[in-house]
Each structure stands twice: as structure tokens, then as C-alpha cells.
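Here is my notebook page for today. Have the structure open beside you and follow along as I look things up.

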Amino acid sequence: VTPDLTPRLTPAEEAELRRRQKSRSIAMGLCLGALAILFFGISMAKML
Amino acid sequence: MLAAPVTIHPVLGFTAILCITLGAGAAGALNQWYEADLDACMKRTRNRPLPAGRMDRQSALHFGVGLACFSVLLMGLAVNLLAAAILTVSILFYVLVYTVWLKRRTPQNIVIGGAAGAFPALIGWAAATGQVATLPVLLFALVFLWTPPHFWALSLYVKTDYAAAGVPMLPVVAGLTVTRTQVLLYTVPMAIAAVAPWPMGLTGAIYGGVATLFTAIFAGLAVRVGVSRETDQAAMKPERQLFAFSILYLFVLFGALVVDRFAQ
């Protein structure tokens with residue numbers, strides 16, 4: 001049996017990692033949302 | 001863009017400004033990717049993400065190239081091809097001509113490289129009108145000729161930083177006196193380019209008055225730098241004043257241009 005050598009994170013490190021992932025996901029979501037609104041606005045402006 | 005004689009749809013105007021901003025950011029990212037070793041040697045730049053170890057070089061390269069492509073594509077699809085073409089030239093000019101070719105080779109680096117910073121005036125005008133005219137070319141000349149006194153004023157009092165990094169800035173290569181003379185000499189054509197739109201009938205008296213007043217103050221500060229013989233960097237007050245005022249100077253002149261346009 002191969003021993004599991006994956007470094008274990010402490011609960012505090014795990015929580016910090018999750019917090020960073022969450023804030024990055026929110027930032028990415030906001031960017032994509034803003035981009036969708038911008039593309040919609042450009043489409044409307046080009047049709048006028 | 002706001003000073004152009006035609007109106008642009010606000011969404012397309014916002015998109016053009018966004019593309020110019022993203023393009024400038026992309027060029028800056030690629031500059032920092034290429035110069036990470038050099039930035040690490042200078043106090044002013046050693047806390048940037050790459051030398052400080054907050055980002056790896058490959059990520060910076062991917063981010064820069066991706067952002068540059070996105071900004072040019074969006075400009076071409078949403079605004080027009082001429083604005084996208086000038087944006088492409090400005091990014092390539094900053095990264096390839098200034099950063100890769102000139103910066104480490106010649107003390108004239110920021111003179112020629114200054115063109116990269118002068119392109120946005122042309123891009124904004126092209127975005128609004130689809131063509132290039134005399135006024136944006138004069139604005140290009142203004143920013144191009146403003147760059148040497150602006151950067152050389154800074155380089156006079158951070159000379160040791162540039163010397164430590166091995167960048168051949170003019171004060172490092174030619175000395176303080178030559179640099180001060182060059183600051184003064186470049187101020188003359190810059191002043192002509194700044195005021196010229198008024199007598200040429202391209203702007204009104206608001207821009208003309210503001211440009212004349214602020215250019216006179218700029219010239220006065222440049223003369224103080226030109227005649228100074230100070231060698232202690234910490235005591236170089238006129239140089240610091242000129243550098244700080246030069247930033248306000250461009251901001252005020254371009255603001256006056258917009259006010260002048262809407263007052264007509």
C-alpha cells in the first residue's frame with residue numbers, strides 16, 4: 001500500500017484557503033456579469 | 001474622444017475608454033514581466049507583484065498577452081478598426097520598441113518610448129470619428145514632447161536607483177547638467193504644441209487661456225530645474241515640483257479641452 005504523502009492542511013489553513021477561493025469566485029462572477037451587461041449594451045448601441 | 005467634433009454613443013465611448021485602459025494595463029503587465037529582474041533592483045519598483053514574489057512570471061505573461069488580445073478585439077468589434085489598429089501599435093510600441101529594444105540600450109529610451117503614452121489621444125479621436133485629424137496629432141505631439149521633461153525631472157532625483165539597476169537614463173549616462181539642459185530644451189517644443197491648437201483655430205479661448213497659463217508655469221519650473229546645480233538628490237526641490245506639476249499639467253490641459261469643446 002502506497003502511503004498518502006499529500007500534505008494535510010490545518011483547519012485554520014483550510015478555512016483561509018476556502019475564504020480566498022470564495023472571494024476569487026465572487027470577483028470572477030462579478031467580472032463575467034459586468035462583461036455580459038457590457039456586451040448587451042454594445043449590441044443595443046450598434047443596433048441604434 | 002470628448003473633444004472630437006462628433007458625438008459617440010455613451011456605451012461605445014465607455015467601451016473605447018475601457019479598451020484603452022485594458023490595453024495600457026496589458027502593456028504594463030508585459031513590461032513588468034520582461035523587467036522583473038530590473039524592478040527587483042530599484043526601491044521604487046521592488047514591491048511590484050513579480051519581484052515581490054506575489055505572482056509567477058508565466059502567469060504575468062499569460063495575463064498580459066490575454067488582456068492585450070481582448071482589448072484589441074473588443075475595440076475592433078465594438079468601436080472601429082482604425083482605433084483597434086492604433087491600440088495594437090501602441091501596445092506593441094510600448095512592449096517591443098520601448099521595453100525590449102530601447103530601455104536598456106540608450107538614454108534616449110523615454111524620448112522615443114514616450115510615443116507609446118501619446119497614442120491614447122489618437123485612439124480616442126479615432127474611436128469617435130473613425131479618422132485622424134490635426135488636433136489629435138497635436139495632442140500626440142504634446143504628450144510625446146512632455147514625456148522627456150516629465151521623466152527626466154524624476155530621474156534626476158532617483159538617479160541612484162536607475163544606476164543601481166543599470167538603466168542608461170540620461171542623468172546616469174550624461175550627468176545632471178546635460179539632463180537639466182535637455183529638460184529645458186524639450187519644454188520649448190512642448191509649449192508650442194500645447195498652445196498651438198488655439199491660434200490654429202482648433203480650440204477656443206478657454207483652452208487657449210488655460211494652456212498658456214499652465215504652460216508658463218511649467219516653463220518657469222523647467223527654468224528653475226535648468227539653472228539648478230544641486231547634486232544632493234534629497235535637496236532637489238525644483239525637480240520634484242516639476243515632476244508633480246507635470247502630472248497636473250496634462251490633466252488640466254485635457255480637462256480644459258473638454259470644457260472648451262462643450263462651451264462652444
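How many residues apart are A:R19 and A:E16 in helix 1 of chain A? I looked this up in what is a predicted model. They are three residues apart, about one turn of the helix.

**Entry 1: charged pairs in chain A**

I checked the charged atoms of that pair next. A:R19 forms a salt bridge with A:E16, and their closest N and O atoms are 2.9 Å apart. Both residues count as partly exposed: A:R19 has 48% relative accessibility, and A:E16 has 30%. I also found that A:R20 joins A:E16 and A:R19 in a network of salt bridges.

Then I turned to A:R18, which forms a salt bridge with A:E14 at 3.1 Å between the closest N and O atoms. These two are four residues apart in helix 1 of chain A, so about one helical turn separates them. I noted A:R18 as partly exposed at 47%, and A:E14 as partly exposed at 31%.

A reminder to myself: side chains of opposite charge can pair when their charged atoms come close.

**Entry 2: a pair in chain B**

I looked at B:R48, which forms a salt bridge with B:D39, the closest N and O atoms being 3.2 Å apart. B:D39 has a relative accessible area of 1%, so it counts as buried, the cut-off being under 20%. Over all chains, I get a count of seven salt bridges.

**Entry 3: chain A as a whole**

I found one helix and zero strands in chain A. Its C-alpha atoms fill a box of roughly 65 × 25 × 5 Å along the principal axes. Of its 48 residues, 8% count as buried. Chain A exposes about 4,400 Å², and carbon and sulfur atoms supply 69% of that.

On the surface I spotted a nonpolar patch made of A:F40, A:M44 and A:M47, with about 350 Å² of accessible area together. A:F40 belongs to helix 1 (residues 11-47) of chain A, and it is exposed at 55%.

**Entry 4: where the chains meet**

I listed the contact: 11 residues come from chain B and eight residues from chain A. About 670 Å² is buried between the two chains, with carbon and sulfur atoms giving 83% of it. Between them I count zero salt bridges and one residue pair in polar contact. On the chain B side, helix 1 (10-34) and helix 3 (57-78) each give two or more residues. Helix 1 of chain B gives the most, with five residues.

Definitions and conventions. Residues are numbered from 1 along each chain as its sequence is written. Chains are lettered from A and ligands numbered from 1 in the order in which they are written. This is a predicted model: local features need pLDDT of at least 70, side-chain atom pairs count only at pLDDT 80 or more; totals for chains, interfaces and linings use all residues. Side-chain values use heavy atoms; hydrogens and water are left out. Patches are made of residues with over 30% relative accessible area and no salt bridge: like charges are joined within 9 Å, nonpolar side chains (Val, Leu, Ile, Met, Phe, Trp, Tyr) within 5 Å. Accessible areas come from the Shrake-Rupley method with a 1.4 Å probe; for residues, only the protein chains shown count as cover. A salt bridge is a side-chain nitrogen of Lys or Arg within 4 Å of a carboxyl oxygen of Asp or Glu. Buried means under 20% relative accessible area, exposed over 50%, partly exposed in between (1.4 Å probe, protein chains only). Contact means heavy atoms within 4.5 Å. Buried area is the accessible area (1.4 Å probe) that two parts lose on being put together, summed over both. A polar contact is a pair of N or O atoms within 3.5 Å; within protein, one must be able to donate a hydrogen and the other to accept it, and residues adjacent in sequence count only if both atoms are side-chain atoms.
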